[in-house]
Amino acid sequence: MVKASVTVSADFVLSDIDRRIFGNFIEQMGRQVLGGIYEPGHPTADEKGFRHDVIDLVKELGVTIVRYPGGNILSGYNWKNGIGPREERPRTLCLSRFTIETHQVGTNEFIDWCKLADVEPMLAINLESEGFDSAREYVEYCNHKGGSQWSDLRIEHGYAEPHKVQVWCLGNEPDGHWQIAAHSAETYARIATETAKAIKWIDPNTQLTLAPSAARSMPYYGEWERIALEDAFDYVDFIAPHMYFKDDHKDTSEYLAWADQMNGYIKEMVAMCDAVAGKKRSQKRIMLSFDEWNIGARWPIEEKRAVPGEWPERITILEEAYTVEDALLIGGAMQALLNNADRVKVACFAQLVNCIAPIMTVDNGPAWRQTIFWPLSLASKYGHGQVLQQVVDSPSYKAKTWHDVPYLLSTVINDPKTGRTTIIAANRHLTETMDLTVLLKGLGQGRRISHTHELANDNLKAVNSADDPDNIVPGEIDVVELAGEQLTAKLKPASWNVIVIDQ
Ligand code: AHR
């Protein structure tokens, strides 16, 4: 038995939770748009071709904001190809996937879909092969009320009211050699700064995300961020890291430590932003929009593309099957975001449907939930209110990717509006039950445990599938008790747990 404890107090609040932390991401690739959110003729599709069984699952997942349209496709994307009458839209080569892009779900259709799914739209701007003018025209098209060239075109396209898109991404992984027209830090910094300035002049309500190096492993990591932040600091609101957890499926303890590496990455990003703030003697704080996070695709690059020369409209790629072990890591990474809620204000799980996704579909058939659906949906369901500061006492282990990994990964959320307190607790010991004690100062008396959820399975490699979609679903925790302000629970080895306390 491994013993661990957490102490929190109702008075010691880390931060309010920005609900946009439960965001997601749709990229025009694979069966994500075609056959995912959009399948004209599907029994649940509406007159616009949107699948409502998928929309129902997006709502159940608790998604709050969705980023679109990429991702890597962005560096070859021209938003003007995705507006106006659908039958007149061009067929263009998508060089990131070797496919034909038909532009049937362009900006206005995406906005329509967001309304149906009850999510906020977040648009990404191609600052690689397109640039400054295209970006400012795009914001004018979407957000300006009317009476100008591009806003009037939107009105002509049937959208009298501005879309009021608030969060805009300034490019995507612009230092990646895999992008069309990748930038140096200096070039990116200049174009991002000047674009951001113009966007804020068009619509001061926008919030802009600045791209850091594509990954923590990139050669100019640190230096890229300094250069970009020093230039764009006054005009941007967020820095937008991406992280994909590597997985060789050999060592579960090592794998689960990626949640701690993500936590460390967040702290590094915050340090870089605040170093620039310090140098500028500024009280402004750049927040994080963690624009892409998930388990790294396990396939070689050729399998993320169509066969060269064939140029199909649709291919089946990145349809990863997620295991119980994957769900434990995704739960832990979601906690890393929540435990940094004072600086992480937006986050987009990458991605939503079919491609590296929690929601899967069968063409002309049902939609179903992967194992990773569960930690994401439970975190969103209970992630209302405030994250509390915690004092954690847990034995730990050493991993190669991260120095000190506590077996207990905990998060305590309190919602003063409803009086609900939620404890998320992962036991990362693979063989021993965890004896957990949580001291809830000012939060226990006269209340009861209303719900528990436990994600665990003897087979860490078990998955859900179209034939067996409910193979892995959360159960309840067997042993959990609240006595006054002290909660005790026995957490199974390799388990991710949620305990909810209500009045
Ligand atoms: O999510 C898959 C890809 O990973 C995205 O297109 C890109 O931004 C990242 O490299």
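This is a predicted model: local features need pLDDT of at least 70, side-chain atom pairs count only at pLDDT 80 or more; totals for chains, interfaces and linings use all residues.
The chain is divided into domain 1, which is made of residues 2-10 together with 387-502, and domain 2, which covers residues 18-382. Taken over C-alpha atoms, the centres of domain 1 and domain 2 are 30 Å apart, and the contact draws on 43 residues from domain 1 and 34 residues from domain 2.

## The buried area

The size of an interface is often given as the accessible area lost when the parts come together. In this model, domain 1 and domain 2 bury about 3,300 Å² between them, and 65% of that area lies on carbon and sulfur atoms. On the side of domain 1, Trp402, Leu460 and Trp496 supply 19% of the area buried against domain 2, which is more than any other three residues supply.

## Polar links and salt bridges

Between domain 1 and domain 2 there are 20 residue pairs in polar contact, counting pairs in which both residues have pLDDT 80 or more. The interface also holds 2 salt bridges. Lys461 forms a salt bridge with Glu325, and the closest N and O atoms of this pair are 3.0 Å apart.

## The face of domain 1

Which strands each supply at least two residues of the side of domain 1 that touches domain 2? They are β19 (405-406), β20 (408-415), β21 (420-427), β23 (448-455) and β26 (495-502), and β21 gives the most to this side, with 5 residues. Sorted by class, the side of domain 1 that touches domain 2 has 25 nonpolar, 12 polar and 6 charged residues.

Technical notes:
Residues are numbered from 1 along each chain as its sequence is written. Side-chain values use heavy atoms; hydrogens and water are left out. Domain bounds come from an automatic or database domain assignment. Contact means heavy atoms within 4.5 Å. Buried area is the accessible area (1.4 Å probe) that two parts lose on being put together, summed over both. A salt bridge is a side-chain nitrogen of Lys or Arg within 4 Å of a carboxyl oxygen of Asp or Glu. A polar contact is a pair of N or O atoms within 3.5 Å; within protein, one must be able to donate a hydrogen and the other to accept it, and residues adjacent in sequence count only if both atoms are side-chain atoms. Helices (H or I, at least four residues) and strands (E, at least two) are DSSP runs, numbered from the N terminus. Ala, Val, Leu, Ile, Met, Phe, Trp, Tyr, Cys and Pro count as nonpolar, Asp, Glu, Lys and Arg as charged, and the others, Gly among them, as polar.
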